[in-house]
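Look over the structure, then try each task before you read on.

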Protein chains: 2
Amino acid sequence: VKPKELVERVQAGETAAIARMLTRVERGADGVHDQIAELYRAGGDTHVIGVTGAPGSGKSTLVAALAQAYRRRKATLGVVAVDPSSPYSGGSILGDRIRMHELGDDPGVFVRSMATRGALGGLARATVDAVTVLAAAGKDVVLIETVGVGQDEVEIAQASHSTLVVSVPGLGDEIQALKAGVLEIADVHVVNKSDRPGADKVVAELRDALRLSRRQTGWRVPVQAVSAERGTGVDDLVDVLDRHRGWLVESGALELRERDMAAARVRSILQDLVMTQVHDPTTDADLAATVEEVRARKIDPYHAARDLLRAASQGVDPTQEAL
Amino acid sequence: VKPKELVERVQAGETAAIARMLTRVERGADGVHDQIAELYRAGGDTHVIGVTGAPGSGKSTLVAALAQAYRRRKATLGVVAVDPSSPYSGGSILGDRIRMHELGDDPGVFVRSMATRGALGGLARATVDAVTVLAAAGKDVVLIETVGVGQDEVEIAQASHSTLVVSVPGLGDEIQALKAGVLEIADVHVVNKSDRPGADKVVAELRDALRLSRRQTGWRVPVQAVSAERGTGVDDLVDVLDRHRGWLVESGALELRERDMAAARVRSILQDLVMTQVHDPTTDADLAATVEEVRARKIDPYHAARDLLRAASQGVDPTQEAL
């Protein structure tokens, strides 16, 4: 398949072409960024929803329940589960984590668990590229499920129109969102396992915390109780998400949000661009010499970084695949 | 105090000067990178030890116990606790986490909990700068305690001579290091709370996992059981750390390790350099125009990043404070 043809088949929504393109994204295959660039320009009117929360909060079950609820409303979906591989070993430990068997036979849902075998920080970018692929393929909704909390989490929130933060009663610390520092990235708070003791208290505490929060955007962040396992509250959650999407469009916030998404994405690519040039001193004699001077304390890392930035920019050829 | 004088007072080991310099590092104060550059070149023969592990593994207690054990051997210490603030709110939630009161009156130990109020990713770099300050001040040992697991964790491992990974029985998943993907960054594994049921099993499982690990450096990674709270095994752990330091020196691995540390640090600064230029499109008209073109899908983020990298490098003046 020629690169151009694969792009066209993705845009036609062919499942096999989508799967193949995502494998190319994961592997950082030759020429894939030109394909993503083309798919990006083609665009797509997709509602991108990030789902985050502490381990044990039942995110996978919630994502599966949300996907089913969207399917009942005839929306087509892409689901991307982010799966961090070890930074040092090549393998992915949590690969079989997602359980979405019930959705497996529905051609209206495309499910993919992402893993990267490459550079640090590459996972968030690969995930965002996957969203571009699914949007260009015409999916109405893309759900991104993240694992854990950290830098990748923040990057994925920055790549979403709506960020769900999932809390759950009984994890010890009642407001996990507060502890993890993700209270303020939520557009919607979900308290999962609402049938458990303490769920009402978590809802009340989140509402209190939100009242004290500084964020002022005109959107009043709702707290929705659900039981993803039993299916209660999930349709209400879809209503809340539709309402958030509607608010983004009507208030003009969508354009601001998408500007922030563009800025975050450019920044992330830029960092990777720089990193690929500095990643491996064993393959670049000039870089190795600079690093050795820093090690020997002949120069300091700040001046070395400035020198390298100038050198890196001279190595960038705009007509070539630079990543 | 003039910048030059503060640098000299840090090098003389004055506690007040160290504290003041670390505040400048946290705040990203004007001219601080030139001061760090100077302190870096001055160097220091410090054993830098990173301590990482899952929440609940008792890292703070272990770090306090280690500090006391080193003090009994007359070593001077710096202790840096990494304290991630929320990426969006300015405040630090976990600020009062560390409990090292018993060390508070000992002038041979300098304890600092770090927080940054600035850019994403700035915490790891501020921590590494803090290590430079403490090394230049003549501390024999610097302990870095990290919170959680993620990108910052990896960066701090890359800034340490010896990385301790702490596990503990009874957190559900027995080998937390495996789950978190940090098995292979450990130079020493610690099983804390060794008096609890299941500790022996964790030790055995770690040893099994290490046998299967790919890392081959000539250093056989030990697994040390301790009870930080009761103080058992802590002196043995200091022996193990001294042995690792000795091995680094004698095998020549120290130079390789410090080369990797230098490369990681330059990379991190370089990323921040680029990021500061792309962070805030509202203050830069050219950047804002580019981001708006990406948002409107007139250009794609990959080509935009390449254009910006060229522009960024032209804006760097090597004689000026660029960060």
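Is B:Trp219 buried or exposed? B:Trp219 has a relative accessible area of 9%, so B:Trp219 is buried. The cut-offs: buried means under 20% relative accessible area, exposed over 50%, and partly exposed in between, with a 1.4 Å probe and protein chains only.

Some ground rules come next. This is a predicted model, in which local features need pLDDT of at least 70, side-chain atom pairs count only at pLDDT 80 or more, and totals for chains, interfaces and linings use all residues. Residues are numbered from 1 along each chain as its sequence is written, chains are lettered from A and ligands numbered from 1 in the order in which they are written, and side-chain values use heavy atoms, with hydrogens and water left out.

**Exercise 1. Classify the aromatic pairs.**

Step 1. Know the rule: rings of Phe, Tyr and Trp (its six-membered ring) pair if their centres lie within 6.5 Å; planes under 30 degrees apart count as stacked, over 60 as edge-to-face, the rest as tilted.

Step 2. Count: over all chains there are 2 aromatic pairs.

Step 3. Apply the rule. The ring centres of A:Trp219 and A:Trp247 are 5.7 Å apart and the planes stand at 40°, so this pair is tilted.

Step 4. A:Trp219 is in the loop between helix H8 (199–212) and strand S7 (223–225) of chain A, while A:Trp247 is in helix H9 (residues 234–251), 28 residues apart. Helices (H or I, at least four residues) and strands (E, at least two) are DSSP runs, numbered from the N terminus.

Step 5. Check burial. A:Trp219 counts as buried at 9% relative accessibility. A:Trp247 is buried too, at 19%.

Step 6. Turn to chain B. B:Trp219 and B:Trp247 form a tilted pair, 5.7 Å centre to centre with 40° between the planes.

**Exercise 2. Find the charges over rings.**

Step 1. The test: NZ of Lys or CZ of Arg is within 6 Å of the ring centre and within 35 degrees of the ring normal.

Step 2. A:Arg297 lies over the face of B:Tyr40, 4.5 Å from the ring centre.

Step 3. B:Arg297 has its charged end over the ring of A:Tyr40, 4.5 Å from the centre.

**Exercise 3. Trace the sheet of chain A.**

Step 1. Read the order: 7 strands form an open, parallel sheet, S3-S2-S4-S1-S5-S6-S7. Two strands pair if DSSP finds at least two bridges between them.

Step 2. Find the edges. S3 (109–114) and S7 of chain A each have a single partner strand, so one side of each is left without a neighbour in the sheet.

Step 3. S6 (residues 188–191) of chain A pairs with S7(A) in the parallel sense over 3 bridges. There, A:His189 stands opposite A:Val223 in S7(A).

**Exercise 4. Explain why S4 of chain B is enclosed.**

Step 1. Count burial: 5 of the 5 residues of S4 (residues 141–145) of chain B are buried, so this strand is largely enclosed by the rest of the structure.

Step 2. S1 (residues 47–53) of chain B pairs with S4(B) in parallel over 5 bridges. S2 (residues 77–82) of chain B also runs parallel to S4(B), joined by 5 bridges.

Step 3. Zoom in on B:Leu143. B:Ile49 stands opposite B:Leu143, and B:Val79 has B:Leu143 as its bridge partner.
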